[in-house]
Amino acid sequence: MAIKITPTKANLIKAKGRLNFSEKGYDLLDKKRTILIQEIMQLVKEAELIEKEIGQMFREAYEALQQVCISMGLNHLEEFTLSVVPEMSFEIRAKSVMGVDIPEVIYTEKNEKILSSGFYENNPALDIAIRKFDDVKHLSYQLAQVETTAYKLSLEIKKTQKSANALDKIQIPRLKEEIKYIQDTIEEKEREEFFRLKKVKNKR
């Protein structure tokens, strides 16, 4: 492809400036990409630990629920669940990580139960089951936040990779080619001018 640029010293200075700026931009993008990859690897480990904890907590919660069914009876347990008022115990707000907006789950850990009357209030198995399922709920919030963060950071990695490739494979080589073309053309003109002056001098 032909280079469409006037081979002047002014354009040479501009091309060198753009090349320096592009190389610095590529270095920054490369560092950002490395940091994001490290962050995702950490999030993957964190998600694995939370998933393992959720699995254990679910087993404990269902064991506790079985004890509740034995002590209360299934019909009484269903009556109790109908008496519990649903609540929105969390909210979502955005925070920035490496320029990426990711959701942050804000919640308050409460091991409270809404009970209707006396018999249930004195059932320790019910207390344990409620606490266990409450713990599962909060761990699920944490897992959702970690997985969403990892997903959004992975999208940012792809975007950063695309920009870095554009600089490394297209912009920087093109600028280097322009600089070489301008330098070679200027040097050729200077040589021609030198020989022309030398020839004139010899004639004199």
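Biologist: Is Phe133 to be read as buried or exposed, or as something in between?

Modeller: Buried means under 20% relative accessible area, exposed over 50%, and partly exposed in between (1.4 Å probe, protein chains only). Phe133 counts as partly exposed because its relative accessibility is 27%. This is a predicted model, in which local features need pLDDT of at least 70, side-chain atom pairs count only at pLDDT 80 or more, and totals for chains, interfaces and linings use all residues. Residues are numbered from 1 along each chain as its sequence is written, and side-chain values use heavy atoms, with hydrogens and water left out.

Biologist: How many aromatic pairs does the structure hold?

Modeller: Rings of Phe, Tyr and Trp (its six-membered ring) pair if their centres lie within 6.5 Å; planes under 30 degrees apart count as stacked, over 60 as edge-to-face and the rest as tilted. The structure holds two such pairs. In one, Phe58 and Tyr62 are stacked, because their ring centres are 5.8 Å apart and their planes lie at 15°.

Biologist: Where do Phe58 and Tyr62 lie?

Modeller: Helices are DSSP runs (H or I, at least four residues), numbered from the N terminus. Both residues belong to helix α1 (residues 9–72), four residues apart, about one turn of the helix. Tyr62 is partly exposed at 45% relative accessible area. The rings of Tyr62 and Phe133 are edge-to-face, since their centres are 5.5 Å apart and their planes at 90°. Phe133 lies in helix α4 (residues 124–203), so this pair ties together parts 71 residues apart in sequence.

Technical notes: Helices (H or I, at least four residues) and strands (E, at least two) are DSSP runs, numbered from the N terminus.
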